[in-house]
Protein chains: 2
Amino acid sequence: MKLSANEEYGLRCLVRIGYAGEGGNVTIPEMSQAEGVSPAYAAKILRVLRKGGFVKAARGKDGGYTLARPAESIVIGDVMDVLGGRIFESSFCDSHAGQAAICTRSVDCSVRSLWRAVQVSVDQVLSKATLRDLLQNEEDMNTWVRAIPGAKGLHSIQ
Amino acid sequence: MKLSANEEYGLRCLVRIGYAGEGGNVTIPEMSQAEGVSPAYAAKILRVLRKGGFVKAARGKDGGYTLARPAESIVIGDVMDVLGGRIFESSFCDSHAGQAAICTRSVDCSVRSLWRAVQVSVDQVLSKATLRDLLQNEEDMNTWVRAIPGAKGLHSIQ
DNA sequence: CCTAATCTGCACTTTTTAGTCAAGATTACT
DNA sequence: AGTAATCTTGACTAAAAAGTGCAGATTAGG
Ligand code: FES
Ligand code: FES
């Protein structure tokens, strides 16, 4: 249950494009430099974001990437789904099925229930976060996080 | 942010051993059969659980695996840490640092703040779940999940 | 039309994770 | 002691994810 490289760099690139603001565009060499990844790799990640409909690219001289829509309409949960998939997908239990009583695409599996709970818990945070929320500094972000309704316990973030 | 094979099978094996109850032991061939993985792979996973201190093994004829301590004292969060690591580890931002203003082991990174929030959110569920909780059927488990204090929104689980 | 700056697509290599194999060590039973 | 059932270990192979390379397409500007 770790973040994949795709998720990490993908989100960071998206934030960087968001920073450029309406009309401002960011090129692959710029992002490569800023995030410390190779241009080729940045390009690969950007492709995923583009195919996901979060950014659009302009080719040719003076080209680069821009947000495909306003930052406040880009939900981080959706971005993460595209970049790295979900923790709990029901297909998982089908393909990784065992043979005995529990965990056999069983209608009665407590483990599956737990995964679902974890997924819901994550969604609770990621579905409320938009790119707009990330375009602020860490302190403001922490304030935002503490304000997530129903996310008690997150108060432990300092 | 997907479950790794280690996490999935590891937890399932642990549950299976838990089912055997105090004194009851489960062998590698049995687990292999039940979970639909090869004996060798089951052995590899069990080793992780053993080194993590969750199960203990008895060798020789009539050997097998037993819980190292009572199910209610085995916290699933701890098991997951051993099986697959955590979503947000502060070392991550050091090793994957970029070079520009944001995300450079920066003291001011909103993305990092979000990862922390997600981690806390997951911990909220996994630190409250013990193996005992998993040794019940899915329906009871769902009831348990809904009762997590502060986990509003999890009510959407049906 | 030419050039330089840019994105695009796909195939490739490297690294990590998943999964296998085989030889060895331990124990219960006779 | 001998045998069969069991776990233990480390090295091996296979698959997936991460990361690279390159030839091509697009655009702005002269
Ligand atoms: S059915 Fe998927 S974990 Fe049990
Ligand atoms: S410092 Fe780690 S994501 Fe920004």
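The exercises below work through confidence, salt bridges and surface charge in a predicted model.

Residues are numbered from 1 along each chain as its sequence is written, and chains are lettered from A in the order in which they are written. Local features need pLDDT of at least 70 and side-chain atom pairs count only at pLDDT 80 or more, while totals for chains, interfaces and linings use all residues, and side-chain values use heavy atoms, with hydrogens and water left out.

**Exercise 1. Find where in chain A confidence is lowest and where it is highest.**

Solution. Begin with pLDDT, the predictor's confidence in each residue, from 0 to 100. Its mean over chain A is 85, and 82% of the residues of that chain reach 70 or more. Next, compare the helices (DSSP runs of H or I, at least four residues, numbered from the N terminus): the lowest confidence in chain A falls in helix 5 (residues 90-95), with a mean of 65, and the highest in helix 3, at 98. Where pLDDT is low, the predicted coordinates should not be read in detail.

**Exercise 2. Describe the salt bridge of Glu35(A) and Arg16(A), and say whether each residue is buried or exposed.**

Solution. A salt bridge requires a side-chain nitrogen of Lys or Arg within 4 Å of a carboxyl oxygen of Asp or Glu, and Glu35(A) and Arg16(A) meet this with an N to O distance of 2.7 Å. The pair links distant parts of the chain, since Glu35(A) lies in helix 2 (residues 28-35) of chain A and Arg16(A) in helix 1 (residues 5-20) of chain A, 19 residues apart. Buried means under 20% relative accessible area, exposed over 50%, and partly exposed in between (1.4 Å probe, protein chains only). Glu35(A) is therefore buried at 1% relative accessibility, and Arg16(A) is buried at 12%. Finally, both residues belong to a network of salt bridges that also links Glu8(A) and Arg12(A).

**Exercise 3. Examine the salt bridge of Asp81(A) with Arg86(A) in the same way.**

Solution. The closest N and O atoms of Asp81(A) and Arg86(A) are 3.2 Å apart. Asp81(A) counts as partly exposed because its relative accessibility is 32%, and Arg86(A), at 26%, also counts as partly exposed.

**Exercise 4. Locate Arg12(B) and its salt-bridge partner Glu8(B).**

Solution. Their side chains meet at 2.6 Å, N to O. Arg12(B) and Glu8(B) both lie in helix 1 (residues 5-20) of chain B, four residues apart, about one turn of the helix, and both are buried. Over all chains, the count comes to twelve salt bridges.

Note on methods. Helix = DSSP H or I, 4+ residues; strand = E, 2+ residues; numbered from the N terminus.
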